[in-house]
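Please examine the sequence and the model shown below before reading on.

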Amino acid sequence: MVKIAVCGAAGRMGGRIIAAIRESEGVELSGALERPGHPMVGQDAGYNAGLGAIGVLISDDLNATVQGCDVLIDFTAPKVSLKNLEVCALYKKSIVIGSTGFTPEERALAAELAREIPVIIAPNMSVGVNVCFKVLADVAKILGEDFDVEIVEAHHRLKKDSPSGTAVRMGEVVANALGRDYNQVANYHREGICGERTHDEIGMQTVRGGDIVGEHTVYFIGMGERIELTHRAHTRDMFSRGSVRAAKWVVTAKPGVWDMQDVLGLR
Ligand SMILES: NC(=O)c1ccc[n+]([C@@H]2O[C@H](COP(=O)([O-])OP(=O)(O)OC[C@H]3O[C@@H](n4cnc5c(N)ncnc54)[C@H](O)[C@@H]3O)[C@@H](O)[C@H]2O)c1
Ligand SMILES: O=C(O)C1=N[C@H](C(=O)O)CCC1
(Lines give C-alpha, C1' and ligand atoms only; values in the text may rest on other atoms or scores of the structure.)
(Ligands and ions follow the chains in the order given, each with its own letter.)
Protein backbone atom coordinates (compact mmCIF):
# COMPACT_ATOMS: atom_id res chain seq x y z
CA MET A 1 0.00 0.00 0.00
CA VAL A 2 1.49 3.37 -1.07
CA LYS A 3 0.99 6.01 1.63
CA ILE A 4 0.10 9.38 0.08
CA ALA A 5 -0.09 12.74 1.84
CA VAL A 6 -1.79 15.69 0.12
CA CYS A 7 -0.55 19.27 0.43
CA GLY A 8 -3.13 21.98 -0.30
CA ALA A 9 -5.80 19.67 1.16
CA ALA A 10 -8.41 22.41 1.53
CA GLY A 11 -7.93 23.66 -2.04
CA ARG A 12 -9.90 23.01 -5.25
CA MET A 13 -7.47 20.28 -6.37
CA GLY A 14 -6.71 19.00 -2.84
CA GLY A 15 -10.30 17.87 -2.29
CA ARG A 16 -10.51 16.08 -5.64
CA ILE A 17 -7.15 14.36 -5.04
CA ILE A 18 -8.33 13.06 -1.65
CA ALA A 19 -11.44 11.69 -3.36
CA ALA A 20 -9.28 10.06 -6.07
CA ILE A 21 -7.03 8.42 -3.47
CA ARG A 22 -10.09 6.96 -1.73
CA GLU A 23 -11.34 5.36 -4.96
CA SER A 24 -7.93 4.04 -6.13
CA GLU A 25 -6.48 0.63 -5.34
CA GLY A 26 -3.07 0.19 -3.72
CA VAL A 27 -2.94 3.65 -2.11
CA GLU A 28 -4.07 5.18 1.16
CA LEU A 29 -4.29 8.75 2.49
CA SER A 30 -1.68 9.02 5.23
CA GLY A 31 -1.88 12.77 5.80
CA ALA A 32 -3.31 16.09 4.65
CA LEU A 33 -1.55 19.44 4.89
CA GLU A 34 -2.63 23.07 4.84
CA ARG A 35 -0.92 26.35 5.53
CA PRO A 36 -0.65 27.36 9.18
CA GLY A 37 -3.68 29.49 10.09
CA HIS A 38 -5.99 27.96 7.46
CA PRO A 39 -9.48 27.54 9.01
CA MET A 40 -9.61 23.85 7.99
CA VAL A 41 -6.49 22.89 9.97
CA GLY A 42 -7.66 20.36 12.62
CA GLN A 43 -10.76 19.42 10.61
CA ASP A 44 -11.32 16.10 8.84
CA ALA A 45 -9.80 16.01 5.33
CA GLY A 46 -12.82 14.13 3.96
CA TYR A 47 -15.10 17.17 4.15
CA ASN A 48 -13.41 19.08 1.28
CA ALA A 49 -13.63 15.89 -0.80
CA GLY A 50 -17.38 15.55 -0.21
CA LEU A 51 -16.77 12.28 1.64
CA GLY A 52 -17.76 13.21 5.18
CA ALA A 53 -15.34 12.25 7.96
CA ILE A 54 -12.62 9.78 6.89
CA GLY A 55 -10.44 9.89 10.03
CA VAL A 56 -7.54 11.94 8.62
CA LEU A 57 -7.24 15.42 10.10
CA ILE A 58 -5.76 18.34 8.17
CA SER A 59 -2.42 19.26 9.74
CA ASP A 60 -0.05 22.23 9.38
CA ASP A 61 2.98 20.14 10.47
CA LEU A 62 4.99 19.66 7.25
CA ASN A 63 7.83 17.60 8.76
CA ALA A 64 5.58 15.10 10.58
CA THR A 65 3.28 14.70 7.56
CA VAL A 66 6.17 14.05 5.17
CA GLN A 67 7.78 11.58 7.58
CA GLY A 68 4.51 9.61 7.68
CA CYS A 69 4.10 9.20 3.91
CA ASP A 70 5.83 7.50 0.97
CA VAL A 71 4.93 10.29 -1.44
CA LEU A 72 3.56 13.81 -1.13
CA ILE A 73 1.13 15.14 -3.75
CA ASP A 74 1.42 18.92 -3.81
CA PHE A 75 -0.95 21.32 -5.59
CA THR A 76 -0.27 24.68 -3.97
CA ALA A 77 2.05 27.36 -5.41
CA PRO A 78 5.70 27.40 -6.58
CA LYS A 79 7.34 28.69 -3.39
CA VAL A 80 5.38 26.26 -1.21
CA SER A 81 6.23 23.38 -3.57
CA LEU A 82 9.95 24.19 -3.43
CA LYS A 83 9.85 24.12 0.39
CA ASN A 84 7.96 20.80 0.26
CA LEU A 85 10.52 19.41 -2.17
CA GLU A 86 13.32 20.39 0.20
CA VAL A 87 11.63 18.59 3.13
CA CYS A 88 10.89 15.49 0.99
CA ALA A 89 14.59 15.39 0.01
CA LEU A 90 15.54 15.59 3.71
CA TYR A 91 13.43 12.52 4.57
CA LYS A 92 14.09 10.71 1.23
CA LYS A 93 10.43 10.72 0.17
CA SER A 94 9.02 11.13 -3.33
CA ILE A 95 6.93 14.10 -4.42
CA VAL A 96 4.42 14.83 -7.20
CA ILE A 97 4.12 18.55 -7.89
CA GLY A 98 1.16 19.92 -9.84
CA SER A 99 1.65 23.60 -8.95
CA THR A 100 2.21 25.92 -11.91
CA GLY A 101 3.80 29.32 -12.39
CA PHE A 102 7.45 28.37 -11.72
CA THR A 103 10.10 30.82 -12.97
CA PRO A 104 13.08 29.36 -14.90
CA GLU A 105 15.20 29.95 -11.76
CA GLU A 106 12.71 28.03 -9.59
CA ARG A 107 12.68 25.16 -12.09
CA ALA A 108 16.49 24.98 -11.93
CA LEU A 109 16.37 24.95 -8.13
CA ALA A 110 13.79 22.13 -8.20
CA ALA A 111 16.08 20.07 -10.45
CA GLU A 112 18.95 20.60 -7.99
CA LEU A 113 16.78 19.54 -5.01
CA ALA A 114 15.67 16.44 -6.96
CA ARG A 115 19.16 14.97 -7.23
CA GLU A 116 18.50 12.39 -4.51
CA ILE A 117 14.77 11.72 -4.73
CA PRO A 118 12.34 10.99 -7.58
CA VAL A 119 10.18 14.01 -8.35
CA ILE A 120 7.36 14.55 -10.82
CA ILE A 121 6.67 18.11 -11.87
CA ALA A 122 3.89 18.35 -14.44
CA PRO A 123 1.75 21.37 -15.34
CA ASN A 124 -1.08 19.11 -16.40
CA MET A 125 -1.84 15.58 -15.18
CA SER A 126 -4.60 14.74 -17.68
CA VAL A 127 -4.06 12.02 -20.27
CA GLY A 128 -5.66 14.17 -22.98
CA VAL A 129 -3.34 17.14 -22.51
CA ASN A 130 -0.29 14.89 -22.42
CA VAL A 131 -1.32 13.29 -25.70
CA CYS A 132 -1.70 16.86 -27.08
CA PHE A 133 1.89 17.65 -26.00
CA LYS A 134 3.10 14.67 -28.02
CA VAL A 135 0.98 15.37 -31.09
CA LEU A 136 1.85 19.08 -31.06
CA ALA A 137 5.52 18.40 -31.66
CA ASP A 138 4.68 16.28 -34.72
CA VAL A 139 2.19 18.84 -36.10
CA ALA A 140 4.69 21.69 -35.65
CA LYS A 141 7.46 19.72 -37.40
CA ILE A 142 5.23 18.70 -40.32
CA LEU A 143 3.80 22.20 -40.88
CA GLY A 144 7.21 23.81 -40.45
CA GLU A 145 7.97 27.48 -41.02
CA ASP A 146 4.93 28.46 -43.13
CA PHE A 147 2.43 28.43 -40.26
CA ASP A 148 2.19 31.02 -37.46
CA VAL A 149 1.64 29.60 -33.96
CA GLU A 150 -0.67 31.25 -31.42
CA ILE A 151 -1.85 29.78 -28.10
CA VAL A 152 -5.03 30.79 -26.24
CA GLU A 153 -5.93 29.46 -22.80
CA ALA A 154 -8.99 30.02 -20.58
CA HIS A 155 -9.39 29.33 -16.86
CA HIS A 156 -11.58 30.23 -13.87
CA ARG A 157 -11.52 33.68 -12.29
CA LEU A 158 -9.56 32.48 -9.21
CA LYS A 159 -6.47 31.24 -11.06
CA LYS A 160 -3.38 33.09 -9.86
CA ASP A 161 -0.76 32.42 -12.57
CA SER A 162 -0.83 33.47 -16.21
CA PRO A 163 -0.38 32.09 -18.75
CA SER A 164 -1.22 28.60 -17.49
CA GLY A 165 1.58 26.10 -16.95
CA THR A 166 -0.01 23.95 -19.66
CA ALA A 167 0.04 26.81 -22.21
CA VAL A 168 3.69 27.49 -21.41
CA ARG A 169 4.54 23.79 -21.90
CA MET A 170 2.62 23.76 -25.21
CA GLY A 171 4.68 26.77 -26.29
CA GLU A 172 7.90 25.04 -25.23
CA VAL A 173 6.98 21.86 -27.12
CA VAL A 174 6.24 23.79 -30.33
CA ALA A 175 9.32 26.01 -29.98
CA ASN A 176 11.58 22.98 -29.44
CA ALA A 177 10.07 21.18 -32.43
CA LEU A 178 10.80 24.24 -34.60
CA GLY A 179 14.31 24.74 -33.23
CA ARG A 180 13.40 28.00 -31.45
CA ASP A 181 14.10 29.18 -27.88
CA TYR A 182 10.69 29.55 -26.21
CA ASN A 183 11.89 32.31 -23.86
CA GLN A 184 13.03 34.36 -26.87
CA VAL A 185 9.95 33.85 -29.05
CA ALA A 186 7.01 33.89 -26.59
CA ASN A 187 4.97 37.09 -27.04
CA TYR A 188 2.62 37.71 -24.09
CA HIS A 189 1.51 41.20 -24.96
CA ARG A 190 0.20 43.11 -27.99
CA GLU A 191 -1.20 46.60 -27.55
CA GLY A 192 -1.32 49.79 -29.61
CA ILE A 193 0.86 50.15 -32.72
CA CYS A 194 2.95 47.16 -31.81
CA GLY A 195 4.01 46.33 -35.35
CA GLU A 196 3.56 43.30 -37.59
CA ARG A 197 3.82 39.83 -36.21
CA THR A 198 7.38 38.53 -36.36
CA HIS A 199 7.92 35.21 -38.12
CA ASP A 200 9.18 33.22 -35.15
CA GLU A 201 6.98 34.52 -32.35
CA ILE A 202 4.51 32.36 -30.47
CA GLY A 203 1.64 34.51 -29.22
CA MET A 204 0.18 33.63 -25.79
CA GLN A 205 -3.28 34.92 -24.84
CA THR A 206 -5.13 34.43 -21.57
CA VAL A 207 -8.86 34.43 -20.73
CA ARG A 208 -10.03 34.41 -17.08
CA GLY A 209 -13.60 34.08 -15.88
CA GLY A 210 -16.24 32.24 -13.88
CA ASP A 211 -15.72 28.54 -13.33
CA ILE A 212 -13.86 27.46 -16.52
CA VAL A 213 -11.87 24.38 -15.47
CA GLY A 214 -9.25 24.72 -18.21
CA GLU A 215 -9.19 25.12 -22.00
CA HIS A 216 -6.22 25.32 -24.36
CA THR A 217 -6.12 25.91 -28.11
CA VAL A 218 -2.99 25.94 -30.23
CA TYR A 219 -3.52 27.64 -33.60
CA PHE A 220 -1.30 26.81 -36.57
CA ILE A 221 -2.27 29.54 -39.01
CA GLY A 222 -1.18 29.47 -42.64
CA MET A 223 -2.18 31.38 -45.79
CA GLY A 224 -5.64 30.07 -46.69
CA GLU A 225 -6.05 27.51 -43.90
CA ARG A 226 -5.47 26.82 -40.23
CA ILE A 227 -5.41 23.95 -37.76
CA GLU A 228 -6.75 24.42 -34.21
CA LEU A 229 -5.81 21.79 -31.64
CA THR A 230 -8.07 22.19 -28.58
CA HIS A 231 -8.27 20.44 -25.23
CA ARG A 232 -11.18 21.18 -22.86
CA ALA A 233 -11.27 19.93 -19.28
CA HIS A 234 -14.81 19.21 -18.06
CA THR A 235 -13.87 18.51 -14.43
CA ARG A 236 -10.76 18.47 -12.21
CA ASP A 237 -11.11 14.73 -11.70
CA MET A 238 -8.77 13.66 -14.50
CA PHE A 239 -6.05 15.95 -13.07
CA SER A 240 -6.51 14.31 -9.66
CA ARG A 241 -6.65 10.73 -11.00
CA GLY A 242 -3.49 11.53 -13.00
CA SER A 243 -1.73 12.76 -9.87
CA VAL A 244 -2.54 9.51 -8.03
CA ARG A 245 -1.28 7.49 -11.02
CA ALA A 246 1.90 9.62 -10.92
CA ALA A 247 2.29 9.00 -7.17
CA LYS A 248 2.14 5.21 -7.67
CA TRP A 249 4.71 5.47 -10.49
CA VAL A 250 7.17 7.81 -8.79
CA VAL A 251 7.74 5.72 -5.64
CA THR A 252 9.70 3.18 -7.71
CA ALA A 253 11.42 5.68 -10.03
CA LYS A 254 15.08 6.70 -9.95
CA PRO A 255 16.02 10.11 -8.48
CA GLY A 256 15.57 13.12 -10.77
CA VAL A 257 12.80 15.20 -12.30
CA TRP A 258 10.17 13.31 -14.33
CA ASP A 259 6.83 14.34 -15.79
CA MET A 260 3.56 12.82 -17.01
CA GLN A 261 5.11 11.88 -20.37
CA ASP A 262 7.26 9.43 -18.38
CA VAL A 263 4.35 8.17 -16.27
CA LEU A 264 2.18 7.58 -19.35
CA GLY A 265 5.00 6.07 -21.46
CA LEU A 266 4.67 8.82 -24.09
CA ARG A 267 8.33 9.81 -24.30
N1 LIG B 1 -0.87 19.94 -12.83
C2 LIG B 1 -2.20 19.94 -12.98
O3 LIG B 1 -2.78 19.02 -13.60
C4 LIG B 1 -3.01 21.04 -12.35
C5 LIG B 1 -4.40 21.00 -12.35
C6 LIG B 1 -5.09 21.99 -11.66
C7 LIG B 1 -4.40 22.96 -10.97
N8 LIG B 1 -3.04 22.98 -11.00
C9 LIG B 1 -2.25 23.94 -10.23
O10 LIG B 1 -2.32 23.54 -8.86
C11 LIG B 1 -2.18 24.70 -8.02
C12 LIG B 1 -3.35 24.75 -7.04
O13 LIG B 1 -4.57 24.92 -7.74
P14 LIG B 1 -5.97 24.98 -6.96
O15 LIG B 1 -6.98 25.39 -7.97
O16 LIG B 1 -6.17 23.73 -6.19
O17 LIG B 1 -5.69 26.21 -5.96
P18 LIG B 1 -6.35 26.50 -4.54
O19 LIG B 1 -6.00 27.91 -4.20
O20 LIG B 1 -7.79 26.09 -4.53
O21 LIG B 1 -5.56 25.50 -3.55
C22 LIG B 1 -4.26 25.70 -3.09
C23 LIG B 1 -4.25 25.31 -1.62
O24 LIG B 1 -2.89 25.34 -1.16
C25 LIG B 1 -2.93 25.82 0.17
N26 LIG B 1 -1.63 26.29 0.63
C27 LIG B 1 -1.04 27.50 0.42
N28 LIG B 1 0.13 27.58 1.08
C29 LIG B 1 0.29 26.40 1.71
C30 LIG B 1 1.31 25.88 2.56
N31 LIG B 1 2.40 26.60 2.91
N32 LIG B 1 1.17 24.62 3.04
C33 LIG B 1 0.08 23.89 2.71
N34 LIG B 1 -0.94 24.33 1.93
C35 LIG B 1 -0.81 25.57 1.42
C36 LIG B 1 -3.98 26.93 0.12
O37 LIG B 1 -4.43 27.30 1.43
C38 LIG B 1 -5.05 26.30 -0.74
O39 LIG B 1 -6.01 25.59 0.02
C40 LIG B 1 -2.11 25.90 -8.97
O41 LIG B 1 -0.75 26.23 -9.20
C42 LIG B 1 -2.74 25.36 -10.25
O43 LIG B 1 -2.30 26.04 -11.40
C44 LIG B 1 -2.34 22.05 -11.69
O1 LIG C 1 -7.07 25.47 -12.38
C2 LIG C 1 -5.87 25.64 -12.64
O3 LIG C 1 -5.18 26.51 -12.06
C4 LIG C 1 -5.22 24.79 -13.66
N5 LIG C 1 -3.92 24.94 -13.84
C6 LIG C 1 -3.10 24.16 -14.68
C7 LIG C 1 -2.22 25.02 -15.55
O8 LIG C 1 -1.84 26.14 -15.13
O9 LIG C 1 -1.89 24.60 -16.66
C10 LIG C 1 -3.80 23.04 -15.41
C11 LIG C 1 -5.25 23.29 -15.65
C12 LIG C 1 -5.99 23.80 -14.42
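The paragraphs that follow treat the domains, a ligand site and a helix pair.

This is a predicted model, in which local features need pLDDT of at least 70 and side-chain atom pairs count only at pLDDT 80 or more, while totals for chains, interfaces and linings use all residues. Residues are numbered from 1 along each chain as its sequence is written, and chains are lettered from A and ligands numbered from 1 in the order in which they are written.

The protein chain is assigned domain 1 (2-125 + 236-263) and domain 2 (127-233), with bounds that come from an automatic or database domain assignment. The C-alpha centres of domain 1 and domain 2 are 28 Å apart. Their contact (C-beta atoms, placed from the backbone, within 7 Å) takes 9 residues from domain 1 and 13 residues from domain 2.

Ligand 2 draws at least three residues of its shell from each of domain 1 and domain 2. Residues around ligand 2 (C-beta atom, placed from the backbone, within 6 Å of it) include Thr-100, Asn-124, His-155, Lys-159 and Thr-166.

Within the chain, helix H5 (residues 127-143) packs with helix H6 (residues 165-177) at an angle of about 30 degrees, their axes being 8 Å apart; axes are lines fitted to C-alpha atoms, for helices over the stretch in contact, and angles run from 0 to 180 degrees between N-to-C directions. Helices are DSSP runs (H or I, at least four residues), numbered from the N terminus. H5 and H6 are therefore roughly parallel to each other, a term for angles under 35 degrees. Among the residues in this contact are Phe-133 and Leu-136 of H5 and Met-170 and Val-173 of H6.

Definitions and conventions:
Helix = DSSP H or I, 4+ residues; strand = E, 2+ residues; numbered from the N terminus. Parallel < 35°, antiparallel > 145°, perpendicular 65-115°, else oblique. Contact = placed C-beta atoms within 7 Å.
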